[in-house]
Every structure is written in structure tokens, then in C-alpha cells.
Amino acid sequence: MSPSEGQSPRVSVVIPAYNEATRIGGVVRRASTVADEVIVVDDGSTDNTAAVAEAAGARVVRQTKAGYIAAIRRGFREVRGEVVVTMDADGEHDPKDIPRLVTPILENRADLVLGRRARIPRLSERFLDWLARLRVPQAHDTGTGFRALRRELALKLQLRGRCICGISVLEPVVALGARVAEVPIQLARVEKPRRIAWFHLPQVWYVLRWLVAGRENRKHHRSAGGRWNP
Ligand SMILES: Nc1nc2c(ncn2[C@@H]2O[C@H](COP(=O)(O)OP(=O)(O)O)[C@@H](O)[C@H]2O)c(=O)[nH]1
Ligand SMILES: [Mg+2]
């Protein structure tokens, strides 16, 4: 796959970034070879992230520090492509995986595709995945930062919570009836401190809420006559 020259964009990449000046340039350049537009949401970085991303060819949107979820929601509003891919700014994700990630959507087999990591690093993420699988059995890596979704779906998401774990599949599936697929991805090893993610504790609450809401929504969808329709 290469960018669709002269046509309306099909694939847009949204990269939330916080203090990633040393890595973002390469990520943007490599993503640009397979995507039609690359949008970096700079979340109040105190380093040169925005300038480096711009020099590498990204469209940069700036916001005052509001966190990962707010950044991807902001990026979704900027997207012009039919499919949007989110990926980390730190170089962990390989843009070469983008064509495989978007294929199920372009072939209308899925609305959301998760880039599944071979190993999920944090125990707390694995627990949230286990909870989410009670409702979406085919989703094994709900906290992955590398995913593709239809733009119309992205714009409908409320994405509440402290991170994307669990919520990233439960909300689209439970509230909107989206189809979820996953494809394996390779993770590059990046030398940076891996924070203990305390925000996974409150996240359990959000995930449980969606699981309970799922029962109500299923009833609602049955009576409303069906699934989300792009
Ligand atoms: N917008 C925004 N992005 C963030 C923030 N913290 C991390 N990121 C970005 O979100 C992505 C995932 O963060 P990362 O530290 O790689 O998480 P990990 O891969 O789960 O260890 C990276 O692109 C970061 O630059 C934040 O506070 N706001
Ligand atoms: Mg990362």
C-alpha cells in the first residue's frame, strides 16, 4: 500500500505525543510512506516534539496537557481519511504493519482492528483484557495503542476513562455494535522507563460499567433493529 496520490485520503494516522522529540521524527517519516496523512497531537510537550514532527511532514495539532484519550479524540476530529490508525510516538509500533491493520476495514470485514501484541507487558492490562473478553471474546489486546478504525466510528466514540484498556473495544461494540478484528503486530524494543500504570485501578470501574451497560444496550439494540451501520 502507498498513499493514494491525488485522491481523497483513505488512511490517516493519528499519533498522540508527549515529550517524544527524540523519536517522533522517524515515526512520522515512516508512517508517511504508507498513509495519506499523519496528524500528531502534541499534548503540551515541554520539548521540541511539535517542531520535529512538523519538520518530518506531520500536521501538528497542539493542546494543553489533557492526556492520551483527549489527544486521540482531538486527532479523530482532524482526520480526513476513511480509516484512522492510532500509533505510539515512541517508535514501538512499526508503520509497516499499517497495511495489514487497515485491510479488514477496507474489505468491510471489520469496523475496528486491534494490533495485538505477542506479550502484554503489564499484569493490570492483562486483567482488564480478561474482563473485556467476557463481552468481546475475540479481543485479546484491548490496551494496544496500535489500532485502526473507521472514521465514522471514531467520531461517535465517547471514550471515557483513564486509558483505552477495555474501553477501546467495549464502547464501540457494546454501544454501537461495531465488528472487531485483530491482527498480530511486532513491538520494537524502546529504551524508556515503563511507568507503573496506577490509572488501571480506576479503569476497572469503567470496564465494569460497560459490562453492565452491555446487557441494557443489547436489549436496546435488539429492539432498535440492529447494529451500527457505517
Ligand atoms: N497526548 C498524550 N500522549 C501521551 C501522554 N503520555 C504518553 N503519551 C503518548 O501516548 C503513547 C503511549 O504512551 P507510552 O508511554 O508509549 O505507553 P506504553 O506504550 O503503554 O508504555 C506515546 O505516543 C506517548 O507519547 C499524555 O499525557 N498525553
Ligand atoms: Mg509506547
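The model is predicted: local features are reported at pLDDT of at least 70 and side-chain atom pairs at pLDDT 80 or more, while totals for chains, interfaces and linings use all residues. Residues are numbered from 1 along each chain as its sequence is written, and chains are lettered from A and ligands numbered from 1 in the order in which they are written.

Let me begin with the overall form. The protein has eight helices and seven strands; these are DSSP runs numbered from the N terminus, with helices being H or I of at least four residues and strands being E of at least two. The C-alpha trace spans about 50 × 40 × 30 Å along its principal axes. The radius of gyration, taken over C-alpha atoms, is compared here with a globule rule of 2.2 Å times the number of residues to the power 0.38. For 230 residues a compact globule would have a value near 17 Å, and the protein agrees, because its own value is 17 Å. Of the 230 residues, 43% are buried. By buried I mean that 20 or more other C-beta atoms lie within 10 Å of the residue's own; exposed means 12 or fewer, partly exposed lies in between, and C-beta atoms are placed from the backbone. Among contacts with a separation of 6 or more, 75% are between residues 24 or more positions apart, a contact being two C-beta atoms, placed from the backbone, within 7 Å.

I turn now to the sheet. In what order do the seven strands of the open sheet stand? The order is 3-2-1-4-6-5-7, with mixed pairing; two strands pair if DSSP finds at least two bridges between them. Strand 3 (59-63) and strand 7 (180-185) are at the edges with a single partner strand each, so one side of each has no neighbour in the sheet. From one strand to the next, the twist averages 20°.

The individual pairings are as follows. Strand 1 and strand 2 are parallel and share six bridges, with V13 partnered by V38 in strand 2. Strand 1 also runs parallel to strand 4, through four bridges, and here V14 has T86 of strand 4 as its bridge partner. T86 in turn has R147 of strand 6 as bridge partner, and strand 4 and strand 6 (residues 147-150) pair in the antiparallel sense over four bridges. Strand 5 (residues 112-117) pairs in the parallel sense with strand 7 over six bridges, where V113 stands opposite A181.

In a regular strand the side chains alternate between the two faces of the sheet. In strand 4 (residues 83-86), V83 and V85 point one way, V84 and T86 point the other way, and all are buried. In strand 2, E37, I39, V41 and D43 on one side and V38, V40 and D42 on the other are all buried.

Helices lie against this sheet. Helix 1 (residues 24-32) lies across strand 1 and strand 2, at about 155° to strand 2. Helix 4 (residues 98-106) touches strand 1, strand 4, strand 5, strand 6 and strand 7, and its direction makes about 145° with that of strand 4. These angles run from 0 to 180 degrees between N-to-C directions, with axes fitted to C-alpha atoms, for helices over the stretch in contact. Helix 7 (residues 167-176) is largely enclosed by the rest of the structure, because eight of its 10 residues are buried. Among those buried residues are I167, V169, L170 and E171. Just after helix 7, G177 has a positive phi of about 70°.

Finally, the ligand. Which residues are closest to ligand 1? They are P16, Y18, D43, A71 and A89, within a shell of 15 residues; a residue counts as near a molecule or strand if its C-beta atom, placed from the backbone, lies within 6 Å of it. Strand 1 (11-17), strand 2 (37-43) and helix 3 (68-78) each supply at least two residues of the shell. The shell holds seven nonpolar, two polar and six charged residues, where Ala, Val, Leu, Ile, Met, Phe, Trp, Tyr, Cys and Pro count as nonpolar, Asp, Glu, Lys and Arg as charged, and the others, Gly among them, as polar.

D43 belongs to strand 2 and is buried because 23 other C-beta atoms lie within 10 Å. D43 and P16 are 27 residues apart in sequence and 7.2 Å apart in space, C-alpha to C-alpha. Leaving aside neighbours within four places in sequence, D43 is in contact with residues including P16, Y18, K65 and A71.
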